[in-house]
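Let us walk through a protein model together, from its overall build down to a few single residues. Keep the picture open as you read, and look up each residue when it is named.

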Amino acid sequence: EMIEGDYCICALPISILKTIPNDFSPRITQAIADTNYDHAYKVAWEADRFWETDFNIYGGISWVFSGPVATVWYPSAKLFSEKGVVISGYGVENGSDFGKLPDMQARFGASQAAIERLHPGYGKILTQPMYMNWGRIPYNLGSWVTRAITSPEDKSPGYYDGPYKQFIEPDGPIFFAGDHCSHIIG
């Protein structure tokens, strides 16, 4: 379907814009080409709510400082219910130690090991694992814009000196909106 208008606010992720034929100006075409997205992941498990009953944890995050899984996230919804979903692994997969794991079994194993490290004996009660990566979701193709930090030796412009400056200026009647136009990712 096609509609006409005087202006367009384009809030599509750049990862999606890369897949759509367009007639943007050369500066925006280059900014699109120069923008990449991270592929964040989550691993979730169903379990008896041991974090509440045995550890008095009622929501929040624990950090694991060794191993490929660094984050365990406890739900605050449905407190004191019999079962809950605990997130054991949430972060950027591309280029990470988690992303280098060879297969799904290894990823689930690393996720269980993080729970076991924080709460010995409880990794074995986790059931129904679910893995999700935003880079594989058809209408996202990524979680948020990669903000590569350049070193002083790197003379190429960083994201905020390059594509970002192009996206915050309209391309004729087309205005851009999204994390690619913000200093707040996601």
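We begin with the whole chain and then visit some of its residues.

A word on the ground rules comes before the tour. This is a predicted model, in which local features need pLDDT of at least 70 and side-chain atom pairs count only at pLDDT 80 or more, while totals for chains, interfaces and linings use all residues. Residues are numbered from 1 along each chain as its sequence is written, and side-chain values use heavy atoms, with hydrogens and water left out.

Start with the protein chain as a whole. It holds five helices and nine strands; these are DSSP runs numbered from the N terminus, where a helix (H or I) has at least four residues and a strand (E) at least two. If you follow the protein chain from its N terminus, the elements come in the order β-α-α-β-β-α-β-β-β-α-β-β-α-β. The radius of gyration of the protein chain is 21 Å, well over the 16 Å that the globule rule gives for 186 residues, so the chain is more spread out than a compact globule. That radius is taken over C-alpha atoms, and the globule rule is 2.2 Å times the number of residues to the power 0.38. Along the principal axes, the C-alpha atoms of the protein chain fill a box of roughly 60 × 45 × 30 Å.

How much of the protein chain is buried? Buried residues make up 39% of its 186 residues. Here buried means under 20% relative accessible area, exposed means over 50%, and partly exposed lies in between (1.4 Å probe, protein chains only). The accessible surface of the protein chain comes to about 11,100 Å², and 57% of that belongs to carbon and sulfur atoms. These areas come from the Shrake-Rupley method with a 1.4 Å probe; for residues, only the protein chains shown count as cover.

Contacts tell you how the protein chain folds back on itself. Among its contacts with a separation of 6 or more, 67% are between residues 24 or more positions apart, a contact being heavy atoms within 4.5 Å.

Now for the single residues. Find Ser15 in helix H1, which covers residues 14-17. Is Ser15 buried or exposed? With a relative accessible area of 10%, Ser15 is buried. Its side chain reaches the backbone oxygen of Asn140 at 2.5 Å. Leaving out residues up to four places away in sequence, Ser15 touches Tyr37, Asn140, Leu141 and Gly142.

One of those partners, Leu141, sits in the loop between strand E7 (127-133) and strand E8 (144-145). Leu141 is partly exposed, at 30% relative accessible area. Its phi is near 55 degrees, a positive value in a residue other than glycine.

Next, move to helix H3, where you will find Glu52. Glu52 is buried, with a relative accessible area of 3%. Its side chain makes a polar contact of 2.7 Å with the side chain of Arg49. A polar contact is a pair of N or O atoms within 3.5 Å; within protein, one must be able to donate a hydrogen and the other to accept it, and residues adjacent in sequence count only if both atoms are side-chain atoms. Beyond its neighbours within four places in sequence, Glu52 is in contact with Ile57, Tyr58, Leu79 and Phe80. Glu52 and Leu79 are 27 residues apart along the chain, and their C-alpha atoms are separated by 8.0 Å.

Step on to the loop between helix H3 (50-53) and strand E4 (60-63), where Asp54 is found. Asp54 is partly exposed, at 43% relative accessible area, and a polar contact of 3.2 Å joins its side chain to that of Thr53. Asn56 is also found in the loop between H3 and E4. At 56% relative accessibility, Asn56 counts as exposed, and its phi is near 55 degrees, a positive value in a residue other than glycine.

Our last stop is Pro68, in the loop between E4 and strand E5 (71-74). Pro68 is partly exposed, with a relative accessible area of 31%. Which residues does Pro68 contact, leaving aside its neighbours within four places in sequence? They are Tyr41, Asp97, Phe98, Leu101 and Ala110. Pro68 and Ala113 are 45 residues apart in sequence, with 9.5 Å between them in space, C-alpha to C-alpha.
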